Amino acid sequence: MTRLFVIILFLLTTKNISAQSPYSLSKQYTIEDGLPSNECYAVIQDSLGYIWVATDRGLSRFDGYGFKNYGIADGLKELSCLQMQMDSYGNIWLRTYSN
């Protein structure tokens, strides 16, 4: 009887234990937050923790606080960034309409 009580007590107390919280936090960023466009095509994170966002109006880097936007004046050949990929050296490659 005592053994059964211990097993039931164990099952009741461990039922709600999980390794991850059932709640997730998310925030939606828009042009009001500093993105150049609400139309985003790709997102990656680099080894330093920066989040890079490819949009139809340029490339953005998010540092956890705000966005730094890159465009034609910063060396992009065109603004529409369709895809992004990071190579084994940590370089970020962009694909645009003109490739």
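**Figure 1. Aspartate 33 and its salt-bridge partner.** At 34% relative accessibility, aspartate 33 counts as partly exposed. Keep in mind that this is a predicted model. Which residue does aspartate 33 form a salt bridge with? The partner is lysine 27, and the closest N and O atoms of the two are 3.9 Å apart. With a 4 Å limit for this kind of contact, the pair makes the list, and the structure holds 1 salt bridge. Lysine 27 counts as exposed, with a relative accessibility of 53%.

Figure 2. Besides its salt bridge with aspartate 33, lysine 27 lies over the face of tyrosine 29, at 5.0 Å from the ring centre. Is tyrosine 29 itself buried or partly exposed? Its relative accessible area is 32%, so it goes down as partly exposed.

**Figure 3. Tyrosine 29 meets phenylalanine 62.** A search of the whole structure turns up 4 aromatic pairs. Here is one of them: tyrosine 29 with phenylalanine 62, a tilted pair at 4.8 Å centre to centre and 50° between the planes. Tyrosine 29 sits in the loop between α1 (2-14) and β1 (40-45), while phenylalanine 62 belongs to strand β3 (residues 58-62), so the pair ties together parts that are 33 residues apart in sequence. Phenylalanine 62 counts as buried, at 10% relative accessibility, whereas tyrosine 29 is partly exposed.

**Figure 4. Arginine 61 over the ring of tyrosine 50.** Now for another charge-and-ring contact. Where is arginine 61 found? This residue is in strand β3, and its charged end sits over the ring of tyrosine 50, 4.3 Å from the ring centre. Arginine 61 counts as partly exposed, with 22% relative accessibility. Leaving aside residues up to four places away in sequence, arginine 61 touches Tyr50, Ile51, Trp52, Gly66, Phe67, Lys68 and Tyr70. If you want a C-alpha distance for this view, arginine 61 and glutamine 45 are 9.4 Å apart in space and 16 residues apart in sequence.

Figure 5. Pick out strand β2 (residues 51-55) and β3, and you'll find 5 bridges joining them in the antiparallel sense. Valine 53, for instance, has serine 60 in β3 as its bridge partner. In general terms, strands of a sheet pair through backbone hydrogen bonds, either parallel or antiparallel.

**Figure 6. Stepping back from the close-ups.** What does the protein have by way of helices and strands? There is 1 helix plus 6 strands, and from the N terminus on, the elements run α-β-β-β-β-β-β. Of the 99 residues in the protein, 25% are buried. As for contacts with a separation of 6 or more, residues 24 or more positions apart account for 26% of them.

Terms used. Residues numbered from 1 in each chain as written. Predicted model: local features only at pLDDT ≥ 70, side-chain atom pairs only at ≥ 80, totals over all residues. Heavy atoms only, no water. Phe/Tyr/Trp six-rings, centres within 6.5 Å; stacked < 30°, edge-to-face > 60°. Helix = DSSP H or I, 4+ residues; strand = E, 2+ residues; numbered from the N terminus. Buried < 20%, exposed > 50% of the residue type's maximum accessible area, 1.4 Å probe, protein only. Lys NZ or Arg CZ within 6 Å of the ring centre and 35° of its normal. Contact = heavy atoms within 4.5 Å. Salt bridge = Lys/Arg side-chain N within 4 Å of Asp/Glu carboxyl O. Pairing = 2+ DSSP bridges.
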